[in-house]
Amino acid sequence: MTNSPQTPGVVAERLQATVLAENFADLHPPLDAHEAQVAADRCYFCHDAPCMEACPTDIDIPLFIRQIMTGTPEAAAKTILDQNILGGMCARVCPTETLCEEVCVREVAEGEPVQIGRLQRYATDTLMGANVHPFKRAEPTGKRVAVVGAGPAGLAAAHRLAMYGHDVVIHDAKPKPGGLNEYGIASYKTVENFAAREVDWLMQIGGITMETGKTLGEDITLDGLASDFDAVFLGIGLGNTNALGIDGEDLSGVVDAVKFIADLRQTDDLTDLPVGRNVVVIGGGMTAIDAAVQSKLLGAENVTLVYRRSQDKMPASEYEQQLAQSKGVHIIPGVAPVSLKGEGHVAAIELAYTDENAKPTGETFTLPADQVFKAIGQAFEEVAGLDTDGRKIKVTDAGRTSRDGVWAGGDCTAGEDLTVVAVAEGRDAAEDIHASLMG
Amino acid sequence: MADLTTDFIGIKSPNPFWLASAPPTDKEYNVRRAFEAGWGGVVWKTLGEEGPPVVNVNGPRYGAIYGADRRLLGLNNIELITDRPLQTNLDEIKRVKADYPDRAVVVSLMVPLDEDAWRKILDRVGETGADGVELNFGCPHGMAERGMGSAVGQVPEYVGRITEWVKKHSDLPCIVKLTPNISDIRQPALAAKQGGADAVSMINTINSITSVNLDAMCPEPMIDGLGTHGGYCGPAVKPIAMNMVAEVARWEETAGMPISAIGGISTWRDAAEFMALGAGNAQVCTAAMTYGFRIVKEMCSGLSQWMDEKGYSKTSDFIGMATPRVTDWQHLNLDYVTKAEIDQDLCISCGRCFAACEDTSHQAIAMSDDRVFTVKDDECVACNLCVNVCPVEGCITMRRLSPGEKDLRTGMIIPAEDDKRTWLEHPNNPDGDPLTCISRGQ
């Protein structure tokens, strides 16, 4: 090994392969059967359980936990997947600490919630590990539905539609299906190629054709899909990222955090992946945390996450913030980037302290930075012919857009940009499409 | 510091915790370890008559019931009496007793329904220096098929007859161990008393099947594809055992007869409860088999601390104190009215009280949109189910209505505290005396 965390510049192999493998192992190792029993036993089987209310997909959490407790994790998985076909991924990536587990009565009472996410993973892993697909496709209806985007919303919609007997074609611009599950989530949350395995498992329903490398507006058009299919569902996510709009943004070494995360997810060899010695991440959401933590895990000596508001306003959950800090990420809240400095390649970042309105106060300081990740949000790309609500595709009811026969869901529509929300929207749109087609 | 020494029918021990006749007391090796750990006494595992020793199965002898985290709640066994030669046991008993003169060593016995058989074994036990004998009329499996154990205990006449033989042929204190596999525990207890027994011990194990293997379609423990009922013990049987102890302790025919309590005693508190109901000491098996002999240290320290806190200087200060408070339903005060109260500061809003009351009881708990749970006094019958299902200790309590208060469910004005009415004075009692019945104008 030639490099270390102290090696200047943006270089690969700062850490040995064995250390990297350890760093990028499963963040929460799966529960074994006994651990699952013990964890399940803590559930009080609440009446009208708050956890269930907090779940965007309305999973009957007390029921599935009881099914685990009684030794039937397969039945538990069915309970989960009935509501959320990507229950396996959601078990890994849901910010449970701000959803089900936040309102768990045991969290309220003891500060220690039932481990709902890990139990959900135990159940879904058990079923998927046995390669059981507990859903059956209905008799073909002869109706054809186009889905654009093979992310969580599109996959959830496609599965539900296929289950009802419709023929579904999913189009996705990327070479692999999965959307952000495949390209946008930290490696240690979805190890062992889980996103791809989940898509393969989901496709077992039958009746779904996957067309990758098809970009809307280039290879396919909304008009074309609308005329070729009985209905269209758009789960196209957010194609762009927001720009900083400051000097030096075009220096090399200044990249989108989503690009860095995607590269990390797609690499076959972590020792090939270069990372800076002094990394600065701009932003306060999950993407910022994921980029910062993974930079540190790759061996960056100093990783600083800068956020323009106070730390309690960070969109990333407290748990995520603590995770980052425990890995050695330095979080500086209340600062905004002013400029990026360097000759061709970024060398430093100038930051200004902000006031309570997140406006720069004028007092600045500079941090060395040979790699800067921008994580200040993704931006919506308009789709010709569809009304927007100002920011995203405008939808009413279960994802109906302004154009008849076209539905939308996931990050390209309003609502929280979470996998689990996308699944719920895709599922509900599919129900509405089905009702419309068969009505 | 409380004095834990006990004198049970003349048998002294430094504390009231004895190991019950069972696998932990089958050998000198185990018993020495038990005494080193601090046990007050042992009842040596049951000896049978001279001859070829009994044989045990060579597959599993135990079945189990678990709570959360595999906490052992109940154990079932199909092990028989000692399967070691009689003389070996007798030699070991003699050596152990000689080395531990301050500990109680009682020998459990089970021989056929034959006076000569009992005489012979009593002669042999008498030579060991043991402090007493316990007659095993309880084991419900195996030996019962051969006319011993619970086959004797279920027939009071046999219990009495054998006890008479034992008292006739031995001067040793005699404890008769009763089987719970009988509809009225008082009858064999009375028979034992009439036969001259110095004490009874109860309960032996309960007939049971702990589990069924649903793949093999066979009860467990499974011996080559077949299973049989075994004897159930452990924490799960404690409530059954306590009732039986209380029944014998409070029945006028048997009251005052010394009782050695057995049945799921796992902690000092369990022992204290049995003793409060009238037991003179406590025998333990499953807890020791689960955790080892060291638990006796907690039992001694716990009992001692509690006695100090309560001001009891010796065990006899509190033995039987709760017995007079065990009564029949008909003597309960029907004018004692309580209502559940939910402490909103402690409530974690799980809603279990609501589900239990709404689905299975009296629809006496209201649930608001923001998950606040409140008791409807006009519906609450004070059943206590909400208290029992609430996961937070002390969150739901029962408040007694004061004299003069109105029970909103029945409209009754609570009478003065000394103005009690039981079923015997209740106007709805068809067997009641109309002249003495008390109506509260409901």
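**Figure 1. Helix α5 of chain B and its surroundings.** Helix α5(B) covers residues 156-169, and its 14 residues reach 20 Å from the first C-alpha to the last. That is close to the 20 Å expected at 1.5 Å a residue, where the expected span is 1.5 Å times one less than the number of residues. Helices here are DSSP runs of H or I with at least four residues, strands are runs of E with at least two, and both are numbered from the N terminus. This is a predicted model, in which local features need pLDDT of at least 70 and side-chain atom pairs count only at pLDDT 80 or more, while totals for chains, interfaces and linings use all residues. Residues are numbered from 1 along each chain as its sequence is written, with chains lettered from A and ligands numbered from 1 in the order in which they are written. Which residues of α5(B) are buried? They are Pro156(B), Val159(B), Ile162(B), Thr163(B), Trp165(B) and Val166(B). A residue is buried if 20 or more other C-beta atoms lie within 10 Å of its own, exposed if 12 or fewer, and partly exposed in between, with C-beta atoms placed from the backbone. As a general point, an α-helix has 3.6 residues a turn, so residues three or four places apart point the same way. The buried residues of α5(B) pack against α3 (115-126), β8 (132-136), α4 (150-153), β9 (174-177) and α6 (186-194) of chain B. Contact means that the C-beta atoms of two residues, placed from the backbone, lie within 7 Å.

**Figure 2. Chain B as a whole.** Stepping back, we find twelve helices and 20 strands in chain B. Its C-alpha trace spans about 70 × 55 × 45 Å along the principal axes. Of its 442 residues, 44% count as buried. Among contacts in chain B with a separation of 6 or more, 70% come from residues 24 or more positions apart.

**Figure 3. Backbone details in loops of chain B.** Look for a cis peptide bond between Met202(B) and Ile203(B), with omega about 10 degrees. Ile203(B) sits in the loop between β10 (199-202) and β11 (206-208) of chain B. Another cis bond runs from Glu220(B) to Pro221(B), where omega is near 0 degrees; Pro221(B) belongs to the loop between β13 (218-220) and β14 (230-233) of chain B. Although Ile9(B) is not a glycine, its phi is positive, about 45 degrees. This residue lies in the loop between β1 (6-8) and β2 (11-13) of chain B. Is Ile9(B) exposed or only partly exposed? Because it has 18 C-beta neighbours inside 10 Å, Ile9(B) counts as partly exposed. Asp69(B), also a residue other than glycine, has a positive phi near 55 degrees and is found in the loop between β5 (62-66) and β6 (72-77) of chain B. With 11 C-beta neighbours inside 10 Å, Asp69(B) counts as exposed.

**Figure 4. An open parallel sheet in chain A.** Five strands of chain A line up in the order β7-β15-β9-β10-β11, with parallel pairing; two strands pair if DSSP finds at least two bridges between them. At the edges stand β7 (254-256) and β11 (330-333) of chain A, each with a single partner strand, so one side of each is left without a neighbour in the sheet. On average, neighbouring strands of this sheet are turned by 20 degrees against each other, direction ignored. Three bridges link β7(A) in the parallel sense with β15 (residues 371-374) of chain A, and Asp256(A) stands opposite Lys374(A) in β15(A). Helix α14 (residues 257-266) of chain A packs on the sheet, touching β7, β9 (278-282) and β15 of chain A. The direction of α14(A) makes about 75 degrees with that of β7(A). Axes are lines fitted to C-alpha atoms, for helices over the stretch in contact, and angles run from 0 to 180 degrees between N-to-C directions.

**Figure 5. Helix α10 of chain A.** The twelve residues of α10(A), 152-163, reach 16 Å from first C-alpha to last, close to the 16 Å expected at 1.5 Å a residue. Twelve of the twelve are buried, so the helix is largely enclosed by the rest of the structure. Among them are Leu155(A), His159(A), Arg160(A) and Met163(A). Just after α10(A), Gly165(A) takes a positive phi of about 100 degrees.
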